[in-house]
Amino acid sequence: MTDTIDARAALYEVIRARRDVRAEFTGERVDEQVLWRVLGAAHAAPSVGNTQPWDFVVVRDPQRLAEFADHVAGCRRAFADSLPEERRRTFDPIKVEGIVESGTGIVVTYDPSRGGRNILGRHTIDDVGVFSAVLSIQNLWLAATVEGLGVGWVSFYDEAFLADFVGARPPVRPIAWLCVGPVTRLQEVPDLERFGWRTGRPLADAVHAETLQVRDA
Ligand SMILES: Cc1cc2nc3c(=O)[nH]c(=O)nc-3n(C[C@H](O)[C@H](O)[C@H](O)COP(=O)(O)O)c2cc1C
């Protein structure tokens, strides 16, 4: 089914074009049918023991978006205050979220208890549960990109605050706030590169033969 030149090219192109979005949201709200298609892609992700340990909480109430944005602004300030002077100057102009402008927040939660006690594939490495939930995010991100939407992953929050905010009770954890909405465009270059915070590294530095070679951070 996917074995055509067009399908291959399209997949690599969407992977290349995907961006983390903060400033390019149009302010329009994502269409409901499109949102469900994108959530369908997220829900089709692979998961350990087929547990599908994710849930998606869609937050759209403008007051609640503003409340969460306020909390994030506090966390951003705390991070800025923790930086040495030079890094702080680089960080200052960087926008770290588009919570209100995107119009839709999707909080992805992870439930380690889904699937019971004997999860096929998680008996030696517990983290594979959370890895599975993260894969749903990547599927969502790529599907949103082909739908002309932007996604911005926000992690400047206190986990207990967000758990309370969406009513996630232990052992369920919120693992991401995703800003999702129509965009004017996607940047060609990641924001953190454009603003001089950190550039990406070449593929050749990330690929190793036989054993891991330690290289510069
Ligand atoms: C787990 C995770 C958390 C992130 N948290 C934030 C965040 O809080 N704020 C932000 O602006 N970007 C956040 N990002 C986006 C990264 O900064 C971005 O992915 C990276 O700079 C590469 O840019 P690109 O996604 O446009 O290729 C996060 C990304 C990931 C995967």
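**Why these labels?**

Me: Why is E210 called exposed?
Reply: E210 has 5 other C-beta atoms within 10 Å, and the cut-off for exposed is 12 or fewer, with 20 or more for buried, partly exposed in between, and C-beta atoms placed from the backbone. So E210 counts as exposed. By the way, this is a predicted model, where local features need pLDDT of at least 70, side-chain atom pairs count only at pLDDT 80 or more, and totals for chains, interfaces and linings use all residues. Residues are numbered from 1 along each chain as its sequence is written.

Me: Where do Q52 and E210 sit?
Reply: Q52 is in the loop between α2 (32-43) and β1 (54-59), while E210 lies in the segment after α9 (203-206). Helices here are DSSP runs of H or I with at least four residues, strands are runs of E with at least two, and both are numbered from the N terminus.

Me: What is phi like at Q52?
Reply: Positive, about 45°, although Q52 is not a glycine. E210, also not a glycine, has a positive phi near 70°.

Me: Which peptide bond is cis?
Reply: The one from P170 to P171, with omega near 10°. P171 is in the loop between α7 (159-166) and β4 (173-182).
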